[in-house]
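Please walk through the model below one part at a time, with the sequence to hand.

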Amino acid sequence: MTYNKTTLATLCALSASTSVFADQNINHGIAYNGFTGIFNTPTAVVIDKGNIDIGYSNQLEARGKYTDGHNFTFSAGLFEGLEVSGRITSSSMHDITFSYENKGQIRDLSFNAKYQIPFIPKDWFSVAVGAKDFGGAANQYEAFYAVASKQWWDFRFSAGIGASDTLTGQLDGAFAGIEYQPFTWLSVLAEHDAEAFNLGARITVPKEWLYDIATVSFNSRFYSNTELASDDTYWGVNISMPLSDEAQDNYHNLKPAPQPVAAAKLSKSSNQRTRATLATSPNQTEESVSRVVSAEPVKVLTATKQNQQVSTAQNNNQQIHSLKSSLVNDGFENIRVGISESKQIIVEFENSVFNRNEIDALGLVLGRITESFATGNNEFIVRLAKQDIPLLQVNGYLDNYRRFIDENITPDLMVSTQFSDKDAVGVKWAGNTQSTSPYFVPRVSFSPSLSSRYATELGVYDYSLALQADLHVPLWQGAGVNITGQVNVANTDHFEKGSVFSNSRQETGIKRAVVYQTFALPFNIYNQTQVGLFQDYFDYTGITNETAWQSPAGRHKIQAKLGYFEYKDYDTDKRDYSVYSYRYLWAEKDVSFHISGGQFWNEDTGYKLETKFWFGDANITVMYSDTDVEKVGIGFSIPLSPRKDMDAGNWQVTGTKSWTHSVNTIINQKVNLINTSSATILKSSIDLDNTFLNQDRMSSSYVYAHLARLKEAFETYK
């Protein structure tokens, strides 16, 4: 202990005598345990919101010793100050730990969480609390800790206290660490992890050197005075990147709108100034001014006004045709563009090209209106639908929206999920019919279909992978046909036919073949029924019904999913499910909270809690379920397609707009068995949320919270 204190004191003295005084942000690293830290100890730093880190290291903590092995970590910043991480620890990659010759090997899946305490001024210090390997069935590395960190010049000092039952004594008591960064790419690291003193370094390759894709770091612990390690040197590598480029934080903040000037006051003061100016002539009174204004050339003015009206009408006709032509070229469907007697510009359209997020389509259409109507302050009404199902209406004024485009000033828009034809009288439409109908156009999307097992006694990772194709043909308003098929691509040995995971193997063939009908009902209620073959989970014919109500602003949603199924080959195997859910959307923070309960697909009853953290068009979900077993897990959803897909002509091919994968583990049991069946909700390629409600983001509150993206989408694709 004396040696440890002396070494740390020496590094502190070095910080006081360093000649480098420039303040710089010190790179944070991921410890071998999966949280932000040094080697074994945490710091009070957390991963930035919306960033993820994937890492590998070879220091294995097994049965009170440090030895060579495998650590795989996945870490993410979910919220300001909150990070979570998952870790797979294994002695070997493919050895079967049941066998006698592999006795003593370890393979473990664990979860960590750390939260940085808010409200502490950043120029003071940071404090964080965290837990390691908490809640699982077989907790090999459980620990709880509190830590404080302070950056001073090119140093970051950390100290904390922890409680742990691990045999190595790691984080069981007081710990401390120092990070010294003399260059942006080099950090010298030292720590006392409550059991031993460790020394090493980290090299960071900046994101700018890798085309702004990711940051890569390499670290090595090359000295330790522990007596528990079989090797002197251990190392790790990490890749960090933002989960999405379309996250809110990536856009410039909007300037607040200026205080409006009352129109009545402006008109009155302007009139007073006019009269005062005219009355200042020495030989004129206000009465004579009135006579001058009402003099003979009225007929001339009337004729001029008529000519101007004719010219304006011709110009408006050209503008609405030009606008419609632009929207057709952008790939939109069911387009109608018109102008009313009161000069309202009305645009109705459907989007099939910005499939990742409907807000991009809105942004491009609104921008096109300001392009085609370069002058004037007309009111505009933009209506977005899907297969003639009304979804969203946006009202605004041209001058106000031009200021948003040109000056980045917050626009004054009225966004509603209800369409209104009030004041739209005598509309003159560009052309007699809608352009580019969405019906009877085959649309195919491709995505991976994956079954996987993590950290089992049979191996670190087993999988069965297939390429899935979804054929969707809209037929009429709210209706269509959806056929999903797949081709098996690759499997690990344990997913081969006749092996232990063969029941979950991704087979070649048809997975689903359904017809559906969707209705938009009054009071923001949507309903969809599907009938057909459901072969995701054995071979069933069935019917499902989904009903959703959304509050006017979209913050609250209540949903019911019901289904009844019969096995194709046997009359005795019948099942039904009924799941009811509530969702709250915190649009300003891109977070939604979900609670679902009822009878799930495998006839287990209970409830499921989920929190989704959105970063642009990707999200990370933290989940907990309690049915026949208790489980916790983490998952992610990412788009596997470009932001703008190919236009739909006679056919359309796209990637999936939302591919989801998750990992979970049983908690509060002595044995951590594999469980993939509990709290399962039947998924479909066509449903209310993904097909019609913009992945549950079709609401005015979401649009208001993402106004900056409207402008960015127009500037990117105009």
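In this predicted model, helix H6 covers residues 398-407, and its buried residues are Leu-398, Tyr-401, Arg-402, Phe-404 and Ile-405. They sit on the same side of H6, because the arc they cover around the axis is only 155°. The general rule behind such a pattern is that an α-helix has 3.6 residues a turn, so residues three or four places apart point the same way. Just after H6 comes Asn-408, which takes a positive phi of about 65°.

What do the buried residues of H6 pack against? Their partners are strand S16 (345-350), H5, strand S17 (379-386), strand S18 (389-397) and helix H9 (707-717).

S16 and S17 run parallel and are joined by six bridges. Glu-350 has Ala-385, in S17, as its bridge partner.

The next topic is the nonpolar core. The largest one has 47 residues, and Phe-332, Val-382 and Leu-710 are those with the most contacts inside it. Helix H5 (residues 358-372) supplies the largest share of this core, seven residues. Val-382 shows what such a position looks like in detail. Beyond its neighbours within four places in sequence, Val-382 is in contact with Val-347, Phe-349, Leu-362, Val-365, Leu-366, Ile-369, Leu-392, Gln-393 and Val-394.

Asn-238 is located in strand S14 (residues 234-242). Is Asn-238 buried or exposed? Its relative accessible area is 6%, and because buried means under 20%, Asn-238 counts as buried. The side chain of Asn-238 makes a polar contact of 2.8 Å with the side chain of Asp-53. Setting aside neighbours within four places in sequence, the residues in contact with Asn-238 are Ile-30, Asp-53, Ile-54, Gly-55, Thr-73, Thr-215, Val-216, Ser-217 and Asn-219.

Methods: Residues are numbered from 1 along each chain as its sequence is written. This is a predicted model: local features need pLDDT of at least 70, side-chain atom pairs count only at pLDDT 80 or more; totals for chains, interfaces and linings use all residues. Side-chain values use heavy atoms; hydrogens and water are left out. A nonpolar core is a set of buried Ala, Val, Leu, Ile, Met, Phe, Trp, Tyr and Cys residues joined through side-chain atoms within 4.5 Å. Buried means under 20% relative accessible area, exposed over 50%, partly exposed in between (1.4 Å probe, protein chains only). Helices (H or I, at least four residues) and strands (E, at least two) are DSSP runs, numbered from the N terminus. Contact means heavy atoms within 4.5 Å. The arc is that of the directions from the helix axis to the C-beta atoms. A polar contact is a pair of N or O atoms within 3.5 Å; within protein, one must be able to donate a hydrogen and the other to accept it, and residues adjacent in sequence count only if both atoms are side-chain atoms. Two strands pair if DSSP finds at least two bridges between them.
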